[in-house]
Amino acid sequence: MSGERYNPREMEPKWQKVWDDARSFVSANDDPREPYYVLEMFPYPSGRIHMGHVRNYSMGDVVARYQRARGKNVLHPMGWDAFGLPAENAAIERKTHPGTWTRQNIAAMKAQLKSMGLAIDWTREIATCEPEYYRHQQAMFIDMMAAGLVTRKQSKVNWDPVDMTVLANEQVIDGRGWRSGAVVEQRELTQWFFKISDMAEELLEALDGLTDWPEKVRTMQRNWIGKSEGLRLLFEMVPGNATAATSVEVFTTRPDTIFGASFIALSPDHPLTTELAASNPELAEFIAECHRQGTATETLEKAEKRGVFTGLHVKHPVVEGATLPVYVANFVLMDYGTGAIFGCPAHDQRDLDFARKYDLPVLPVVRPADADAGFAVADEAFTDDGVIFNSGFLDGLGIAEAKKVAAAHFADRTVDGKPQGKVEVNYRLRDWGVSRQRYWGCPIPVIHCEVCGTIPVPKKDLPVVLPEDVSFDKPGNALDHHPTWKHVNCPQCGASARRETDTMDTFVDSSWYFARFTAPDADTPTIPAVANRWLPVDQYIGGVEHAILHLLYSRYFTRAMKATGHVGLSEPFKGLFTQGMVTHETYKSPSGDWVPPTEVLLETTGELRRARHIRSGEPIAIGSVEKMSKSKKNVVDPDEIVATYGADTARWFMLSDSPPERDVQWTEAGVEGASRFQQRIWRLVGEAIDLAKQFPETVRFSDDDEARTLRKIVHRAVHNVGGDIEGLRFNRAVAQIYELTNALVRSAGLVAEAPTARIGALQEGVERLVQLLAPMMPHLAETCWEALGKPGLVADAPWPPVDPALLVDNTVTLPIQVNGKRRGEITVAKGTPATEVESQVLSMDEIVRILNGQAPKKVVIVPDRIVNVVV
Ligand code: ANZ
Ligand code: ZN
């Protein structure tokens, strides 16, 4: 059989069918084995899988197959994050229904995933766009309303004044509507919210317990939640101001800097601002401008700090007789703290930029410990720790101490009959606005009745199904435009009422799919006992781009499901792994156009690499290595790779080349290397089979030195590969397998020259190698397993046991005496327990022969010294 090339194109579909027919990866909820849940973030059905998916699912698949081999009941499901805007855009462009487009994409991508040979339980497949899924989401929304977890309030949306529609953030390009090109406005709309901010503290604290998450993800979540402890501080208006307001309340985290205050700034949306703007055209114009600028945190941070003086003044709270001017400033947000600040330019960069622009005083009040009283601030605010100065009763204190003293000082004073200062904890985390004015999402199950108010759809009337006959001719929410859908009778009083036409943010869909997988056909959202058995997900794998929102929302939603009785746990993901990206070189033609890798011919002469266009022959410039993206055309299509090299090669390369958390660069040379390795394994297995046929009598297992050396290599590899897979160090597992293969190839050469006892060890080694490969190159492994004449599927074979004696280098060799006569020896790990040594000795060929079926009278073992068998 050696000599034949391994043909993945023939073997891969064959084994995929065998696994399918055997239902190899279907997991039962009542399986008594220990459960293990491995999950990769489910894909959006965009149409085709990309290399990032291949990498992600290859990793999850290794874990799934490995844990199965370890005897676990593995849950490894797949589904589709199937709602969202691209389907509506496609509907507009192609005049198809979003559902048609989505379901076609799902079918295409499913076929692609199947061609990868993933060990997935497809019987649990779910798509979030199907009523069978979203009806349960609607039921939970109603439960959450009843539990007080949902609220309705005013919130800003992007409004396209030409298309007369709300735009999603990604539809606003450079401040303009993506279709109309009109300047987008901010509008207030009543919207649905999940009250996630109520859980800010809990979500923050519980991060400490997520020890199997990358530290960087936990840090990102902490920052997103953004806890800050500070003070609400009242500033008294100077009498005679042109307003009825008698005070302004600010939020500050730095009351220690109060002596350095030089102005007050209000948000453009502060009620006082609104009041003043009524009679101040300059201010009104400024507010309008701020609204055009948008509220995205990013834009605000980058934008120039600007403001308008209101004409008002407040009293300086600690400097007798001094006053501070009141501005309206673009960098003060209405929905944080109190929507007003005091500015201390010397110790806050935004305040400093502002002060320089409007010529306001910059008085330093914190100096570095080693600076003197002449310390000044130029263009950079001083934000480090230091010593308070220029600050009356705070002088000489450290920052932390000064914060406390200042807080106590203001707590004792009153303004407007209230304490001037009140300690307060603030969180940056906002409530989760889930309303979307879109068709292709989960309808919010609510009815608005003029008599009864806003009431949930009775559960018996669920699901609230999206209408099929929709038109996308008009911009905006097709659900709202539908002629009949929203007109219903009130379920309470029967009067004519109106359905809610907002649909849910698609992040809601992905906040509980992992729970639905545990009982995908249940007629309740979950079967709590089943969900509690499977969850939390033991290992979740996905892109770091989801480190904040998706993971935070899932953590919140799991808590909401707990509060409403759908699960019994708070944290959905025990282990989290974020994989790096797949990158590729970029190529550019002389005219400056990006050129896809398939059109580029690479030539290497020595150190020099050059590229030409395959068809035209024109020179191509080799550019930097970038994340694969359509815009730079540096993508490789998984289908083509699978067709050319096979899925195993693609999987192997994705796992082999870099640590999984780092980026991996896709290169032709790398894939070819992986493909050659596949053939090498196949040749080795063929050789081992031929040798076994050639020397059938020497195949027996024997334990001479040579054989033991090889066996040590084999057992160490089994041990290490298992450990590396458990630690998700796939590239190291791959490296171990390469080494093992080298050792086995060498050994096969030696055996061929001079058949020795080593042939048994070679045989064992090749079998183990195939088992180690099975999680990574499952098709090749099955083919080899079959060729070796092993029964059943390697996918069902238990992970090979490791002989601990072969892992330790400090072994001892004990002489074996039978009735006082030396009959052989045994090598075991130092300190091997007597019972273990005894059972090994009694199973040795030589001893079995001497005992001739009799049981020994006595076995005396002096640990690490000698074995005496008495018959
Ligand atoms: C005075 C001060 C002096 C401040 C100083 C900082 C440095 P974190 O830690 O993120 O909570 N702030 C308060 N409310 C704001 C709002 N609605 N929009 C924009 N900025 C706001 O930040 C709290 C600090 O951010 C507060 O402390 C306040 O400025 C500002 F040397 O007060 B500080
Ligand atoms: Zn009613």
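## Surroundings of Lys486

In this predicted model, Lys486 touches Asp480, Ala497, Arg498, Arg499 and Thr501, when residues up to four places away in sequence are not counted. The residue lies in the loop between helix H13 (478–481) and strand S25. With one of these partners, Asp480, the side chain of Lys486 makes a polar contact, side chain to side chain, at 2.9 Å.

Is Lys486 buried or exposed? Its relative accessibility is 16%, and it therefore counts as buried, the limit for that class being under 20%.

Cys493, with a relative accessible area of 40%, is partly exposed.

## The site of ligand 1

Ligand 1 is surrounded by 17 residues, of which Ser228, Thr252, Leu333, Tyr336 and Arg428 are the closest. Polar atoms of several side chains approach oxygen atoms of the ligand. In the side chain of Ser228, an N or O atom is 2.6 Å from an oxygen atom of ligand 1; for the side chain of Thr252 the corresponding distance is 2.7 Å. Arg350 places a polar side-chain atom 3.3 Å from an oxygen atom of ligand 1. Taken alone, the ligand exposes 640 Å², and the protein buries 88% of that area.

Ala87 is located in helix H3 (residues 85–94). Its relative accessible area is 0%, so the residue is buried. Leaving out residues up to four places away in sequence, Ala87 touches Tyr44, Pro98, Trp101, Thr102 and Trp440. The C-alpha atoms of Ala87 and Tyr439 are 9.9 Å apart in space, although the two residues are 352 residues apart in sequence.

Ala743 is located in helix H22 (residues 730–753). With a relative accessible area of 5%, Ala743 is likewise buried. Apart from neighbours within four places in sequence, Ala743 is in contact with Leu710 and Ile713. Between Ala743 and Leu710 the C-alpha distance is 7.6 Å, with a sequence separation of 33 residues.

## Backbone features in loops

The bond from Leu462 to Pro463 is cis, with omega near -5°, and Pro463 lies in the loop between strand S24 (453–456) and helix H13. Leu535 and Pro536 are also joined by a cis peptide bond, for which omega is about 0°. Pro536 is placed in the loop between helix H16 (528–534) and strand S28 (537–543).

Positive phi values occur at Lys633 and Asn852, neither of which is a glycine. For Lys633, phi is about 60°; the residue lies in the loop between strand S33 (619–627) and helix H18 (638–645), and its relative accessibility of 39% makes it partly exposed. For Asn852, phi is near 50°. Asn852 is found in the loop between helix H26 (845–851) and strand S37 (858–862), and with a relative accessible area of 64% it is exposed.

## The chain as a whole

The chain contains 26 helices and 38 strands. Its C-alpha atoms fill a box of roughly 115 × 70 × 70 Å, taken along the principal axes. Among contacts with a separation of 6 or more, 71% involve residues 24 or more positions apart.

Of the 871 residues, 53% count as buried. The chain exposes about 38,300 Å², and carbon and sulfur atoms supply 50% of that area.

Methods: Residues numbered from 1 in each chain as written. Chains lettered and ligands numbered in written order. Predicted model: local features only at pLDDT ≥ 70, side-chain atom pairs only at ≥ 80, totals over all residues. Heavy atoms only, no water. Buried < 20%, exposed > 50% of the residue type's maximum accessible area, 1.4 Å probe, protein only. Near = heavy atom within 4 Å. Polar contact = N/O pair within 3.5 Å; in protein donor to acceptor, adjacent residues only side chain to side chain. Areas by Shrake-Rupley, 256 points an atom, 1.4 Å probe, with all protein chains shown as cover. Helix = DSSP H or I, 4+ residues; strand = E, 2+ residues; numbered from the N terminus. Contact = heavy atoms within 4.5 Å.
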